[in-house]
Amino acid sequence: MPHLRIATVNVNGIRAAARNGMGAWLDAADVDILTLQEVRGQDEHLEAALPGWTFVHDEATAKGRAGVAIASRVPAVASRTDFGAIDFDSKGRWIEADFVIGDRPLTVVSAYVHSGEADTPKQEEKWKFLDAFEARLAELGQDDGALALVTGDLNVGHRELDIKNWRGNRKKAGFLPRERGYFDRFLGAAGQTVEGVDGSTGTGLGWVDVGRTFHGEVEGPYTWWSMRGQAFDNDSGWRIDYHLATPALAERVTAYHVARAAAYDQRWSDHAPVVVDYTY
């Protein structure tokens, strides 16, 4: 059965990733759609790094920061960057592209959630983003049978299984109970009242965490490791890069893997690509 291979990766700067080996990985990966975060460049840099690909790209307001893109072998038929309230600057953090695969429409999102910092204005921006995220997921998933996928560096470890050192991070951005509560609602049973780990209640949206569903109740597999110390060598990482799929799309998953580099010096980003095959 034909498959559509979709990969997501925070490149930590497209120019640096290209210099450090991204192209060789991509040549061998047989990817159809590639979603990127932290592009930190302009269209010309994407064109140089991804010859032969088509792409849609949203730069951040601040030059050299954030930036999201969706590259594909077949051009998107439409794209959008509108996200959240008018007074909220989401540029470089959310882009949607529509494709027609076979005879079915598919919406793919590349998202880069703020890293945040507990009890600071940076965290307030993250709360605003997560509020807009929740509202948009409800819209994208409202039709039964819709094929939609949100990918990217979402900067939240949902469960204890998603962070090696979860005990030491319970009061830090990326594993705050309130952040995790959003994911409880994103992934909770559609239309049902969900109680979050933070004690909040809300309506479940019914989306599927492809990585957790595919691997089950195991630690990781992690997708990001600090460049400091021995985090990569010890596999002391975080699973913060996701494929969140509507139920109709999640049913089409045939393979999932984290393309972790074989060695520290072979990495071209501090994140590893997350690669999923979907049938169509």
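The structure is a predicted model. An open sheet of six strands is present, with mixed pairing. The largest nonpolar core has 35 residues, and a second, separate core has 25. His271 lies in a loop between two strands, E13 and E14.

**The six-stranded sheet**

- The strands of the sheet follow the order E3-E4-E2-E1-E14-E13.
- Strand E3 (54–58) and strand E13 are the edge strands, as each of them pairs on one side only.
- On average, neighbouring strands of this sheet are turned by 15° against each other, direction ignored.
- Strands of a sheet pair through backbone hydrogen bonds, and the pairing is either parallel or antiparallel.
- Strand E1 is joined to E2 by five bridges, and the two run parallel; here Val9 stands opposite Leu36 in E2.
- E1 also pairs with E14, in the antiparallel sense and over six bridges; within E14, Val276 is the bridge partner of Ile6.
- Strand E2 (residues 33–37) and strand E4 (residues 68–72) run antiparallel and are joined by five bridges; Thr35 has Ile70 in E4 as its bridge partner.
- Strand E1 (residues 3–10) is largely enclosed by the rest of the structure, because seven of its eight residues are buried.

**The nonpolar cores**

- In soluble globular proteins, nonpolar side chains tend to be buried together.
- Within the largest nonpolar core, the residues with the most contacts are Ile6, Ile70, Leu106 and Tyr278.
- The elements that give two or more residues to this core include E1, E4, E13 and E14, together with strand E6 (94–101), strand E7 (104–112) and helix H7 (247–250).
- E6 gives the most to this core, namely four residues.

- His271 counts as buried because its relative accessibility is 7%, and the cut-off for buried is under 20%.
- Apart from neighbours within four places in sequence, the contacts of His271 are Val9, Asn10, Asp153, Thr223, Trp224, Ile240 and Asp241.
- The side chains of His271 and Asp241 make a polar contact at 2.9 Å.
- Gln192 is 79 residues from His271 in sequence and 34 Å from His271 in space, C-alpha to C-alpha.

Technical notes:
Residues are numbered from 1 along each chain as its sequence is written. This is a predicted model: local features need pLDDT of at least 70, side-chain atom pairs count only at pLDDT 80 or more; totals for chains, interfaces and linings use all residues. Side-chain values use heavy atoms; hydrogens and water are left out. Buried means under 20% relative accessible area, exposed over 50%, partly exposed in between (1.4 Å probe, protein chains only). Contact means heavy atoms within 4.5 Å. A polar contact is a pair of N or O atoms within 3.5 Å; within protein, one must be able to donate a hydrogen and the other to accept it, and residues adjacent in sequence count only if both atoms are side-chain atoms. Two strands pair if DSSP finds at least two bridges between them. Axes are lines fitted to C-alpha atoms, for helices over the stretch in contact, and angles run from 0 to 180 degrees between N-to-C directions. A nonpolar core is a set of buried Ala, Val, Leu, Ile, Met, Phe, Trp, Tyr and Cys residues joined through side-chain atoms within 4.5 Å.
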